[in-house]
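Q: I'm new to this one. Can you walk me through it?

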Amino acid sequence: MPGFCRDCLTQIESARRCPACGSPRLLSHPELFGLTIAHMDCDAFYASVEKRDNPDLADKPVIIGGGRRGVVSTACYVARIRGVRSAMPMFKALELCPEAVVIKPRMEVYAAVSRQIRAMMDELTPVVEPLSLDEAFLDLSGTERLHGAPPAVMLARLVGRMKAELGVTGSIGLSHNKFLAKVASDLDKPRGFSVIGRAETAEFLADKPVRLIWGIGPAAQESLERAGIRSFTDLLRWEQEALVARFGSMGARLWHLARGEDRRRVSSHEPVKSISNETTFHEDTGDADILDGHLWRMAEKVSDRAKAKGLAGRVVTLKLKKANHKILTRRISLRDATQMADTIYRRARALFDQVGNEGPYRLLGCGISDLCPAAQADMSGDLLDPDAARRAEAERAADAIRARFGPDAILKGRSLR
């Protein structure tokens with residue numbers, strides 16, 4: 001059976017330890033050297049960067065997020081063992097892990113590391129499809145002759161370089177399509193490398209829950225369960241026409257995924273269509289003060305990501321999900337595109353004021369769309385708000401200070417709510 005050592009990359013047939021370096025981290029699979037579609041997902045990315053930059057945090061539980069009334073953006077694996085999860089209210093996370101070190105996100109730093117990882121990926125293949133700062137699909141078809149090694153070996157080399165040169169780790173999923181590659185990358189985190197071959201696809205999926213499908217959230221899962229669909233085996237009992245009649249366009253997708261079929265190509269040419277951030281609350285809330293604090297932090301994250309990508313948006317969107325799972329979406333078109341947190345927040349807050357009394361809410365999100373280059377943003381000012389230019393100038397000055405002295409150098413009061 002083909003295999004190799006994940007540490008020294010020596011190719012082997014079968015062994016318990018690498019004959020070259022003695023490592024037990026061996027990978028073997030009948031289809032290992034014939035699969036070319038991969039998904040790379042960094043392990044607790046934000047927390048890994050923080051631990052890299054502050055070695056004193058190495059063995060400590062680290063939570064990335066806002067103040068005590070904020071939410072968890074991500075947590076290291078030490079904190080996850082204690083039950084801390086993304087989007088969990090900070091007070092709950094600190095109840096589970098009171099000794100955790102809480103750090104405000106440094107989006108500019110994370111974006112810079114992400115660009116370095118992307119450069120490494122581009123050296124392997126021109127076909128890289130980023131999903132976020134810390135994950136991407138790769139298609140390595142036809143690259144073996146170029147690199148002198150199978151795609152699986154080159155992927156192991158990639159995560160090895162990430163660890164050695166950038167101080168962050170990642171997990172690899174390798175398969176014959178995007179759906180299964182993404183599923184595989186989550187099977188053995190952290191520092192995992194999992195393979196799902198063609199021959200084993202049906203057996204692998206049979207007993208798996210449908211929530212394994214990317215995009216199946218609590219509401220969709222509840223809808224499927226009402227139809228008696230909890231596993232992929234349940235899905236296989238349905239005709240495609242019946243699934244489409246019951247679930248619309250999602251039904252056709254479910255029919256194909258139940259059989260391990262995903263015809264989507266890895267595309268490096270998909271333009272970014274929107275930048276957004278959202279969170280699901282541990283408990284539904286209609287508290288306007290709490291929601292306002294979340295909205296400001298989301299506007300800051302959207303702004304940080306837009307600035308890191310050199311983009312701006314002409315449309316601001318607010319998203320709310322009520323306790324009964326009904327989704328409310330409101331949009332407003334701007335005179336000028338923007339990437340400023342202050343503008344995004346004020347427009348989103350105005351949209352919230354239109355529906356804010358319809359809570360409690362289980363999810364809140366905001367974002368920008370109709371994107372354009374940042375050079376076209378915030379050009380004409382706001383004639384109805386003469387202080388807007390002053391606030392924008394102050395925000396850019398604060399950005400410069402944070403970039404030099406760290407994310408906590410300047411904080412707005414509403415960030416602490």
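A: Start with a term: a salt bridge is a side-chain nitrogen of Lys or Arg within 4 Å of a carboxyl oxygen of Asp or Glu. This is a predicted model, where local features need pLDDT of at least 70, side-chain atom pairs count only at pLDDT 80 or more, and totals for chains, interfaces and linings use all residues. Residues are numbered from 1 along each chain as its sequence is written, and side-chain values use heavy atoms, with hydrogens and water left out.

Q: How many salt bridges does that rule give?
A: The count is 21.

Q: What lets such side chains pair?
A: Side chains of opposite charge can pair when their charged atoms come close.

Q: Which residue does Glu-222 pair with?
A: Arg-226, with the closest N and O atoms 3.2 Å apart. Both residues lie in helix 9 (residues 218-226), four residues apart, or about one turn of the helix. Helices (H or I, at least four residues) and strands (E, at least two) are DSSP runs, numbered from the N terminus.

Q: Is Arg-226 buried or exposed?
A: Arg-226 is exposed, at 58% relative accessible area. Glu-222 is partly exposed, at 36%. Here buried means under 20% relative accessible area, exposed means over 50%, and partly exposed is in between (1.4 Å probe, protein chains only).

Q: What about Glu-278 and Lys-319?
A: Their side chains meet in a salt bridge, 3.3 Å from N to O. This pair links distant parts of the chain. Glu-278 sits in strand 12 (residues 274-285) and Lys-319 in strand 13 (residues 311-322), 41 residues apart. Glu-278 is partly exposed, with 42% relative accessible area. Lys-319 is partly exposed too, with 26%.

Q: And Asp-292, which side chain does it meet?
A: Arg-349, in a salt bridge of 2.7 Å, N to O. Asp-292 lies in helix 13 (residues 288-309) and Arg-349 in helix 14 (residues 341-355), so the pair ties together parts 57 residues apart in sequence. Asp-292 counts as buried, at 4% relative accessibility. Arg-349 is partly exposed, at 23%.

Q: Which residues do salt bridges with shared partners join?
A: Glu-50, Arg-52, Asp-53 and Arg-106, in one network.

Q: How do strands 10 and 11 run?
A: They run parallel, and three bridges join strand 10 (residues 170-175) to strand 11. Leu-174 stands opposite Val-195 in strand 11.

Q: On to helix 6. What span should it have?
A: At 1.5 Å a residue, the 16 residues of helix 6 (residues 151-166) should span 22 Å. The end C-alpha atoms are 22 Å apart, which agrees. The expected span is 1.5 Å times one less than the number of residues.

Q: Which of its residues are buried?
A: Among the buried residues of helix 6 are Pro-151, Val-153, Leu-158 and Leu-166.

Q: What comes just after helix 6?
A: Gly-167, which takes a positive phi of about 75 degrees.

How values were computed. Two strands pair if DSSP finds at least two bridges between them.
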